[in-house]
Amino acid sequence: MTINIGFVVSEFNRDITYQMEILGEEHAKFLGAKVTQKIYVPGAYDMPLAIKKMCENKNIDAVVTIGCVIEGDTKHDEVVVAQVTRKMTDLSLEYGKPVTLGISGPGMTRMQAMERMDYAKRAVEAAVKLCQRIK
């Protein structure tokens, strides 16, 4: 059985999220999963509605989020990640589908973000493993 994955990708910090997206896709292919849908959103904070739309799609087995939240001069990055991750968990439980965290941050510099691009691979791997284990 092929596992169909949807990607919700943040366009903010696109130089980083683009590379994360490619790594995630390559890893999905390596694991025998297929990325069948992608929705691009302006930023990580905008992900929940796109995640919900994917969860409603019967042909999507799991949703992988891909984003990068870099620290600024305020605590804005912490607020963004806290709100998004809370809603991701709610949607996963509501729809009974894995929604995995491929968002790096908060509290990191651009250099640290570049070093954490593998978060996308980890999120894909978690999605595949959860699908295999809960179905």
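A salt bridge here is a side-chain nitrogen of Lys or Arg within 4 Å of a carboxyl oxygen of Asp or Glu. The views below all come from a predicted model, and by that rule the count comes to nine salt bridges.

**View 1. Arg-86 and Asp-90 pair up along helix 3.** The side chains of these two residues meet in a salt bridge, with N and O 2.5 Å apart. Arg-86 and Asp-90 are four residues apart in helix 3 (residues 76-95), so about one helical turn separates them. How accessible is Arg-86? Arg-86 comes out at 49% relative accessibility, which puts it in the partly exposed class. Asp-90 is partly exposed too, with a relative accessible area of 26%.

**View 2. Lys-87 also reaches Asp-90.** Stay on Asp-90 and look for its contact with Lys-87: the closest N and O atoms of this salt bridge are 4.0 Å apart. Both residues sit in helix 3, three residues apart, which is about one turn of the helix. Lys-87 has a relative accessible area of 35%, so call it partly exposed.

**View 3. Lys-38 links up with Glu-25.** Here the salt bridge brings the closest N and O atoms to 3.0 Å. What does the pair tie together? Lys-38 belongs to strand 2 (residues 34-41) and Glu-25 to helix 1 (residues 14-30), so the bridge ties together parts that are 13 residues apart in sequence. Neither end is tucked fully away: Lys-38 is partly exposed at 27% relative accessible area, and Glu-25 is partly exposed at 30%.

**View 4. Lys-38 and Glu-25 again, now as members of a network.**

**View 5. His-76, a position flagged by UniProt.** An unreviewed UniProt entry places the feature "active site" at this residue. His-76 is found in helix 3, the helix that spans residues 76-95 and also carries Arg-86 and Asp-90. Is His-76 buried or exposed? The relative accessible area of His-76 is 54%, and since exposed means over 50%, His-76 falls in the exposed class.

Methods
Residues are numbered from 1 along each chain as its sequence is written. This is a predicted model: local features need pLDDT of at least 70, side-chain atom pairs count only at pLDDT 80 or more; totals for chains, interfaces and linings use all residues. Side-chain values use heavy atoms; hydrogens and water are left out. Helices (H or I, at least four residues) and strands (E, at least two) are DSSP runs, numbered from the N terminus. Buried means under 20% relative accessible area, exposed over 50%, partly exposed in between (1.4 Å probe, protein chains only). UniProt positions are given in the numbering used here, feature names are shortened, and annotations may be inferred rather than shown by experiment.
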